[in-house]
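Thanks for coming, everyone. I would like to walk you through one structure today, taking the sheet, then the helices, then the ligand.

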Amino acid sequence: MKEFVLRDNIAISTAGIGDIIFIVILLGFALLIILALYKKFVKKDASRYEAKPVKREAEAIKEEEKEEIAEEGEEEVEEAIEKEAVEKEEKKPEPAPIQVEELVKPKEPKSLKEGLKKTHDGFISRLNKIFFSSKSLTKENMDAIEEVLFTSDVGVKTSQRLLDFLNENLSNKELEDAGKMRDALKQRIKEMVKVDVPPVAFDKKPYIIMIVGVNGVGKTTTIGKLGAKYRALGKTVLFAAGDTFRAAASEQIEVWGERAGIQVVSGQEGSDPAAVIYDAISAAKAKDIDIVIADTAGRLHTKLPLMEELKKVKRVCNKAVEGSPHEIFLVLDANTGQNAISQAKEFNDALGITGIILTKLDGTAKGGVIIGICDELKKPVRYIGIGESVEDLRDFDPDEFVNALFEE
Ligand SMILES: Nc1nc2c(ncn2[C@@H]2O[C@H](COP(=O)(O)OP(=O)(O)OP(=O)(O)O)[C@@H](O)[C@H]2O)c(=O)[nH]1
Ligand SMILES: [Mg+2]
């Protein structure tokens with residue numbers, strides 16, 4: 001029984017060993033298949049992910065290389081552009097030196113009417129044509145007058161004020177009378193340009209006049225002409241060449257000085273303008289000079305440093321002579337039209353100007369701007385420039401000016 005059991009057991013165990021071997025072999029196969037499958041799919045897949053950073057790194061290196069190449073390219077392009085610019089600059093003819101002689105060359109003086117001819121032709125003669133076309137004005141005539149005013153350089157606000165004045169102060173009958181209308185308009189314009197201030201008195205010694213304005217408006221030329229004018233009044237004058245920025249500015253003023261027997265105090269190019277003007281005032285005090293006229297630089301008025309510099313000059317004048325500068329004259333170029341009004345406002349806000357000098361009226365039809373400037377700023381126009389000769393800087397007389405402007 002036991003044997004049987006044993007045999008049976010052995011039989012059983014024999015059968016078990018076979019099965020086990022079979023199962024092991026099967027498992028072995030399965031393992032091999034799994035390994036094979038693992039290798040084929042999982043590992044391959046993993047390797048794909050492993051390869052990625054390498055690939056990214058490679059891409060990054062490539063990108064860097066590309067950027068470097070691009071940068072090098074940019075540098076090369078920049079170098080090429082620079083080289084071209086230098087070559088161009090070298091090829092450019094030397095800028096013509098500033099012709100001081102040309103700037104100060106004596107010219108033939110003009111009559112006031114001649115000097116105002118362009119403004120007359122461009123604006124007043126159109127009004128005159130309407131006024132002289134018929135004795136009585138129609139609604140169409142009134143519209144035409146309005147149009148001439150609004151399209152002139154008088155400025156919209158001032159034109160409107162002129163029209164309002166006419167409508168409010170003339171009866172319907174007078175408004176239809178061409179002669180009455182023309183006289184009333186002339187009269188009102190005269191009142192507008194007549195700013196109620198006393199004439200320049202020269203009641204201090206030395207009387208310090210600071211001349212300001214944007215570049216090219218005619219400051220230095222005007223100083224030359226003013227110096228000659230004051231000399232003719234029997235005054236002793238000294239020029240302060242306070243424009244130390246513009247090349248040849250002091251040479252220009254020196255030629256004017258020599259011509260009128262006026263001494264000039266100047267500094268090195270690029271030196272502190274306030275210091276030059278301080279020295280000039282000290283010299284004037286020591287020499288008992290009546291009037292000091294200070295030139296200043298005229299770069300763009302919108303640049304803050306210029307205004308700051310001019311404020312400094314003003315402070316230094318006050319240090320040299322308390323209460324000075326006694327006048328700050330703003331020079332405006334009539335050619336700039338309406339822009340002259342905004343320049344005047346900016347300079348006035350920064351410095352508190354005491355008077356205006358309107359230049360180059362002879363070369364422009366935009367002289368009507370003088371009416372707008374006076375009306376809006378309520379600052380007196382002291383002088384007008386109607387040409388390049390010394391005599392072409394005229395004292396501004398509102399009656400004479402408006403009469404000459406309206407004259408046919
Ligand atoms: N036709 C005419 N030309 C004028 C008048 N006033 C000045 N000029 C000319 O304007 C030009 C410039 O004059 P400058 O006196 O050098 O002007 P500026 O304001 O000192 O110029 P910057 O020093 O550059 O700021 C010159 O050629 C003058 O002859 C004028 O009333 N009529
Ligand atoms: Mg100048």
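Predicted model: local features only at pLDDT ≥ 70, side-chain atom pairs only at ≥ 80, totals over all residues.

**The sheet and what lies on it**

Stepping back, both strands sit in an open sheet of eight strands with mixed pairing, and the order runs β3-β2-β4-β1-β5-β6-β7-β8. The edges are taken by β3 (263-266) and β8 (393-395), and each has a single partner strand, so one side of each is left without a neighbour in the sheet. From one strand to the next, the twist averages 25°. Across β1 (207-212), β2, β3 and β4 lies helix α11, residues 273-287, which runs at about 165° to β2.

Now to a pair of helices. Helix α8, residues 178-193, packs with helix α15, residues 398-406, at an angle of about 140°, and their axes are 9 Å apart; that angle makes α8 oblique to α15. On the α8 side the contact is made by Lys186, Ile189, Lys190 and Val193, while α15 contributes Pro398, Asp399, Phe401, Val402 and Phe406. Sorted by class, this contact has six nonpolar residues, three charged and no polar ones.

Finally, what surrounds ligand 1? There are 22 residues around it, the closest being Asn215, Gly218, Thr221, Gly298 and Gly385. Eleven residues of that shell are polar, seven charged and four nonpolar, and its largest share, three residues, comes from helix α9, residues 219-232.

Note on methods
Residues numbered from 1 in each chain as written. Chains lettered and ligands numbered in written order. Axes fitted to C-alpha atoms, helices over the stretch in contact; angles between N-to-C directions. Helix = DSSP H or I, 4+ residues; strand = E, 2+ residues; numbered from the N terminus. Parallel < 35°, antiparallel > 145°, perpendicular 65-115°, else oblique. Contact = placed C-beta atoms within 7 Å. Nonpolar A, V, L, I, M, F, W, Y, C, P; charged D, E, K, R; others polar. Near = placed C-beta within 6 Å. Pairing = 2+ DSSP bridges.
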